[in-house]
Each structure stands twice: as structure tokens, then as C-alpha cells.
Amino acid sequence: MKHKILPLVLVVLTCLQLTNCNKDDGDGFLDPVNVVVPVIESKADFRNSIEIKGPEPTNSDGKIYVYNDLLLYIAQYSGIHIFNNQNPENPQNMAFIALKGVNDISIKNNILYADNFMDLVVFDISNVMDIQLVNTEEDMLSYYATYPQDVSYFRNEYPANEDEFVARYETIQMERIEADNNEDIFNWNSVDIFLGAFDNAVPSNTIGTGGSYAKFQIYNNALYTLDDYALFTFDITDYNAISATSVTYMESWFGAAVLETTFIQNDYLFIGATNGMHIVGLQDEFNPVYTSSFLHATGCDPVVVEGSTAYITVRGGNACGSIEDQVNIIDVSDITAPTEYSTYFLSSPYGLGIKDNVLYVCNDDGINVFDAQNPNNIVLENTYDGNSKDVIPLSSHLIAVGENVIHQYNYVNDFELELISTIQF
């Protein structure tokens with residue numbers, strides 16, 4: 001697929017801003033500024049870099065995923081760390097899949113599906129000590145690097161050929177030099193771009209569970225993935241011959257929203273977007289149909305659902321928008337017309353999870369535990385300090401992920417948690 005190029009207007013505007021900077025004391029040098037630089041990579045290089053390794057540390061933010069007794073940490077643009085979590089009090093680091101372009105995974109019947117930039121890669125993890133790469137579907141996914149927010153300077157550089165692409169953007173600090181015509185120029189030569197006693201057999205016939213920021217979901221024999229603007233459906237009946245079956249657009253999108261997260265309950269897929277929650281029917285698994293939306297002002301918002309109630313965290317500020325931070329509780333008993341029960345205002349909410357009418361919401365204060373039995377009035381019962389951005393409430397215990405850390409908690413009484421282990425990378 002072709003990658004999206006920054007609009008020409010943006011490039012022009014950023015170039016114009018180069019002439020409107022404060023000068024220093026006249027020695028020919030200007031105050032250094034932050035410049036966004038595209039990091040261009042070769043498709044062949046990242047495809048050849050896939051490797052199965054022993055346990056490794058990570059310095060990358062990540063997501064969590066649970067499959068039977070396995071706990072997986074998806075280190076963004078780095079790889080997948082796999083733990084034996086049979087004993088949550090003492091998780092064992094087992095293996096690492098080096099995958100430079102990974103952001104999301106999903107697992108069914110011991111087969112792990114992951115993105116690797118624009119490729120869909122497939123691994124057999126039935127033996128964690130002997131993981132096998134079994135398929136690569138090249139250029140099957142939509143990929144384009146996320147452009148940093150709140151920047152004024154951009155180095156205008158694009159891939160030289162079809163085998164190259166912009167893998168990501170980096171913000172670097174550069175000195176500016178005052179030219180004879182009083183315009184600012186940059187000394188590009190100064191740019192520095194930094195271009196894996198346990199039973200190994202894993203039970204089959206299961207689908208794993210991701211956190212509230214998951215963009216991959218499996219339902220029956222369909223794999224669903226998101227890009228910013230559409231839902232893509234793939235037939236994974238035969239993981240050696242995956243095919244794209246449909247693309248679904250949200251009718252309430254209106255050109256403004258970015259699709260961010262997914263959650264499946266029964267035969268409906270709930271999509272968290274920057275303009276609200278969209279619901280897609282999966283009655284025909286290979287041809288999802290847009291059903292309805294709950295819309296709000298712009299904000300970042302994952303969504304989870306239990307029974308006939310959906311919960312959305314809406315975080316404003318910066319790229320997320322200017323809406324006030326909050327948790328929306330939504331009645332989805334009529335799937336065609338979701339309506340709001342109530343709103344709870346909470347500073348900087350992130351990921352969330354729901355289990356047995358107990359709602360867990362991560363924010364800057366840690367994990368907030370709510371009594372959600374009455375959707376018209378959820379009640380904050382406890383807050384647990386910690387660096388947590390998302391949670392997975394399992395039937396046995398709660399797993400929370402933060403920056404380079406995973407915490408696991410036992411449920412105690414109705415609204416209490418007890419820390420049982422921490423994985424620190």
C-alpha cells in the first residue's frame with residue numbers, strides 16, 4: 001500500500017516559520033531548536049532482521065497480551081517479550097521475538113499474528129522454546145509513521161525508492177546558522193539519526209486477550225486491524241494463505257476522527273476513536289457492518305464493554321483535543337442507538353478494564369478502582385499508586401502495564417488489590 005505523505009501545506013508552513021525566529025547576539029549562530037527528522041529504512045533490512053532470541057531487556061513502551069499461561073509484552077518498534085505466567089507471583093522470562101515494526105498482536109490456537117510495519121507476520125508459538133516464523137504477508141497492512149505534535153520545523157526528506165519507507169519520526173535539537181540574507185539555515189551535517197521448569201507445549205483452541213489499547217482482534221476466523229481511518233478484515237482460516245476480505249469505514253467519521261482501539265463483545269466490535277465510540281456488527285465475520293456511534297468532542301479514548309454497558313476514557317490536551325478529562329458510561333442495550341448514562345471527571349485517564357461491575361481506570365495517580373454497579377453513578381473506592389497505563393482484568397487476577405514495567409495484583413474483597421509481582425525491564 002502507498003504511504004501517506006505529509007500535506008504540502010504543512011511543509012510550506014513549517015518552512016515559512018524558519019524565517020520568524022529570534023536571533024541571538026549576532027555571532028552568526030541562532031538559538032537551537034527542535035527539528036522533526038524522518039527516519040528512512042529499507043524494507044529488506046527490517047524483514048531480514050526478524051529473529052527468535054532468549055530473554056532480553058527492553059527500553060520501549062509497550063502493551064500487554066495474555067494467552068493461556070503466557071504473558072506477552074509488546075515493546076513498540078522493538079519486539080515481543082514472552083513470559084511463562086503460570087505462577088503470577090514469579091513470572092519467568094522465556095523468549096523474545098525481535099520485530100522492529102511491531103505495535104500489536106493477536107493469538108489463536110498457538111498462532112501469533114503481529115504487524116511488522118506494513119507486513120503481517122505469523123508465528124507458531126506452540127513450543128515457546130522453539131518459536132517458528134511460519135508466514136509473512138508482505139505489504140498487507142496499512143502503515144505510516146505518526147508525526148509528532150506541536151513542532152515547527154520539519155526536515156523535508158522522502159524515501160528514494162519503493163523499497164524504502166519512513167519508519168518513524170525523531171525530534172532532534174539542531175543549531176541554526178544565520179545566512180547572508182537573514183534567513184535561517186540548518187547545518188544538516190550535524191544530524192545524528194539512529195537508523196527470549198515449564199511445559200513448553202501451549203494448549204490450543206483458544207484466543208488470547210489484549211488490553212484496552214489493542215488494535216488487533218480475532219473473532220472466529222477473522223482478524224481485524226485498524227489504521228487511522230478504517231477497519232480492515234482478513235481471513236485467517238489458513239494462516240499460510242491469509243487474504244484481505246473487506247474494509248469498513250465509520251459512517252459518523254466525517255473526516256475528522258482517528259480510530260484508535262478495539263474491543264469485542266459477542267458479535268460486535270467496539271472501536272474507540274478520537275470523536276467517540278463506533279460499533280460494528282460481526283454477524284458476517286468477513287464483512288463487518290457499521291452499526292452506530294456515540295460521539296463526543298475530540299479526545300483520546302479506549303473503550304471496554306460488560307453486558308449492556310460500555311466505558312470510555314476520554315483524555316484531552318495536546319494531540320488528544322481540548323475536551324475535559326472524563327470517563328463516559330454508555331448504555332448499549334440498544335446497539336443501534338447508544339446513549340450516555342453518566343460522566344465521571346477524572347484527570348488524565350488512560351487505559352481501563354471492567355470485571356464483575358468493578359471498573360479499573362489508569363491515570364497519572366495510578367489505578368483507580370470504581371464500584372460500577374450503578375452506571376448512573378459510579379463510585380471511586382480505591383486508588384493504587386504506580387506507573388500504569390493499561391490493565392487486563394482476568395478472572396484470576398489483574399495485570400497492569402506501565403512504562404517498562406508490569407504489575408500483577410490479586411483481587412481482595414470487593415474493591416481492593418494486593419500486589420503480587422512486578423516485572424521491571
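## A salt bridge from loop to strand

Lys100 is partly exposed, because its relative accessibility is 31%. The model is predicted. Glu41 is buried, at 8% relative accessibility. The side chains of Lys100 and Glu41 form a salt bridge, 3.3 Å from N to O. Lys100 sits in the loop between strand 6 (92-98) and strand 7 (105-108), and Glu41 in strand 1 (residues 29-42), so the contact ties together parts 59 residues apart in sequence.

## Other salt bridges

The whole structure holds 12 salt bridges. One of them joins the side chains of Glu138 and Arg47, at 3.4 Å from N to O. This pair links distant parts of the chain, 91 residues apart. Glu138 is in the loop between strand 10 (132-137) and strand 11 (164-178), while Arg47 is in helix 2 (residues 43-48). Arg47 is buried, with 18% relative accessible area.

Glu51 and Lys53 also meet through their side chains, in a salt bridge of 3.9 Å, N to O. Glu51 is partly exposed at 41% relative accessible area. Lys53 is partly exposed at 29%. Shared partners join Lys43, Arg47, Asp119, Glu138 and Asp139 into one salt-bridge network.

Four strands form an open sheet in the order 18-19-20-21, with antiparallel pairing. Strand 18 (259-265) and strand 21 (289-295) are at the edges; each has a single partner strand, so one side of each lacks a neighbour in the sheet. From one strand to the next, the twist averages 25 degrees.

Strand 19 (residues 268-273) pairs with strand 20 (residues 276-281) over 6 bridges, in the antiparallel sense. Ile271 has His278 in strand 20 as its bridge partner.

Technical notes
Residues are numbered from 1 along each chain as its sequence is written. This is a predicted model: local features need pLDDT of at least 70, side-chain atom pairs count only at pLDDT 80 or more; totals for chains, interfaces and linings use all residues. Side-chain values use heavy atoms; hydrogens and water are left out. Two strands pair if DSSP finds at least two bridges between them. Helices (H or I, at least four residues) and strands (E, at least two) are DSSP runs, numbered from the N terminus. Axes are lines fitted to C-alpha atoms, for helices over the stretch in contact, and angles run from 0 to 180 degrees between N-to-C directions. A salt bridge is a side-chain nitrogen of Lys or Arg within 4 Å of a carboxyl oxygen of Asp or Glu. Buried means under 20% relative accessible area, exposed over 50%, partly exposed in between (1.4 Å probe, protein chains only).
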